[in-house]
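Q: I have a structure open and a few things to ask about it. Can we go through them one at a time?

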Amino acid sequence: MSFMDDLNHYTHISSEQLLQLRQEQNQCANIDILENEIFQISPDLLTLLLRDHTTKGSIFWATDDYSYRGKGYQYYDQITIESITGENGNVIIPRAVKSKKQQQQRSREMAEVFTPSWICNKQNNLVDNAWFGREGVFNTEVDNPDGTHSWKVNTDKITFPKGKTWKDYIKENRLEITCGEAPYLVSRYDAVTGEPISIESRIGLLDRKLRVVSENTETTCEWLKASQSAYMSIYGFEWQGDNLVLAREALLYTFIDYYRAKFGKYPQLKSLLYIAYIISWNIWQMDGLKGVIPNSCEERRTVVYDLFGETETISNCEGCKSGDIKKHNGMYALIKDWSAAKQKQKIRFIDLIK
C-alpha cells in the first residue's frame with residue numbers, strides 16, 4: 001500500500017481529488033514526492049519544508065531553470081506553496097525524472113553531478129568502518145563481474161564496540177556538503193537511475209541511524225524520541241532551491257517509511273510537523289564556499305558629507321576579494337545547535353569552521 005492509498009489518514013479529500021493526485025504521481029514516476037500530497041496532509045507541513053530560518057522567509061529558487069514560467073519563478077523569487085502546488089504540482093521533480101537535456105544543462109551550469117547509490121554506500125561504509133572499528137557493519141559491498149555494483153545487507157542486529165552504545169551512534173553528527181537531493185543521507189531511490197530502494201536495503205547515513213533506532217526501541221514514544229535525536233544529528237546544505245525541497249521531502253518521507261515499517265501505521269501529524277521543523281533547520285540553503293545565502297554578498301555604497309559636498313565610496317565584499325570565509329558581507333547561514341548544553345542555540349555555520 002502506497003502513501004497515496006492511505007492519504008485520508010491525515011485528512012479527508014474527495015475521491016476525485018485523490019484520483020487526480022494519483023494520476024499526477026504516475027506521470028512523475030513513483031520516486032517523486034508530490035507537493036500536492038504534502039499540502040493535503042497539512043499546509044503547515046509544506047510551509048515548514050519551505051522555510052529558511054536565516055532569511056526568515058522561504059528558500060528561493062537560486063536557478064534560472066524555471067524563469068520561463070514567469071512571475072514567481074525567477075532566480076531570486078522565493079519558492080511559495082502556490083508556485084509548487086495545484087496546477088504547478090509537478091514543477092519540482094527529481095533529477096532522474098528530468099530530461100537528459102535538463103540534466104546536462106544543470107551539470108554544465110551548476111556543476112550538478114549526482115552520485116549513484118553504490119558509491120554513496122562505499123563512502124558511507126568508510127565512515128562506519130572508522131566508527132565501529134570493523135567492516136561490514138550494515139552491508140557488504142559486491143562488485144559484480146559484469147561491472148555493476150551492489151551490496152548484501154547484514155540482516156543481523158547491529159552490535160556495538162566496547163565503550164560505545166546505539167544511542168552514541170544515533171547522536172553522532174553527520175554532514176553532507178552540497179547535498180543535492182541528499183543521496184548520502186537517505187536512499188529512497190538511486191539518485192542517478194531513479195530506481196526505488198527497499199527500506200531493508202537502504203544505505204544513507206540517516207537510514208542507518210533509523211535502522212538502529214528501530215532495532216533498539218519498542219514503544220512509539222521510545223522510537224520517536226530516538227528518531228528525533230537521529231534527525232538532529234544529520235545536516236546538509238545545498239545551493240539550488242529545488243534540490244533543497246527534494247532533499248527535505250526525502251528526509252520527511254524517510255521518517256514515515258521507517259515508522260510504518262516498525263509499527264504498521266502512519267505517524268501522527270504532530271510528529272511529522274516536529275520532524276519537518278528539525279529538517280528545516282538542518283538541511284539549509286547556502287553557498288558552501290562562502291557560508292552565506294547564495295549571492296547575498298554585494299557592493300556597499302557609502303556617502304560621506306564634507307565641506308566640499310558629498311563623496312560616494314564603493315566597497316566590494318572583502319571576503320569575495322580575499323577568499324576569507326569569515327569576511328563576507330553576505331548573510332551568513334544559521335543552523336541550530338540541538339545539544340542541551342547549548343540550549344538549542346542558533347549559530348552561524350561558519351563559526352564551526354576552525
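Q: Which residues is threonine 140 in contact with, leaving aside its neighbours within four places in sequence?
A: Ser150, Trp151 and Lys152; contact means heavy atoms within 4.5 Å. This is a predicted model, where local features need pLDDT of at least 70, side-chain atom pairs count only at pLDDT 80 or more, and totals for chains, interfaces and linings use all residues. Residues are numbered from 1 along each chain as its sequence is written, and side-chain values use heavy atoms, with hydrogens and water left out.

Q: Why does threonine 140 count as partly exposed?
A: Because its relative accessibility is 47%. Buried is under 20% relative accessible area, exposed is over 50%, and partly exposed is in between (1.4 Å probe, protein chains only).

Q: New topic. How many residues are in the largest nonpolar core?
A: It has 70 residues, and Tyr231, Leu251 and Leu252 have the most contacts inside it. A nonpolar core is a set of buried Ala, Val, Leu, Ile, Met, Phe, Trp, Tyr and Cys residues joined through side-chain atoms within 4.5 Å.

Q: Which helix gives the largest share of this core?
A: Helix H10, residues 241–263, with 12 residues. Helices are DSSP runs (H or I, at least four residues), numbered from the N terminus.

Definitions and conventions:
Helix = DSSP H or I, 4+ residues; strand = E, 2+ residues; numbered from the N terminus.
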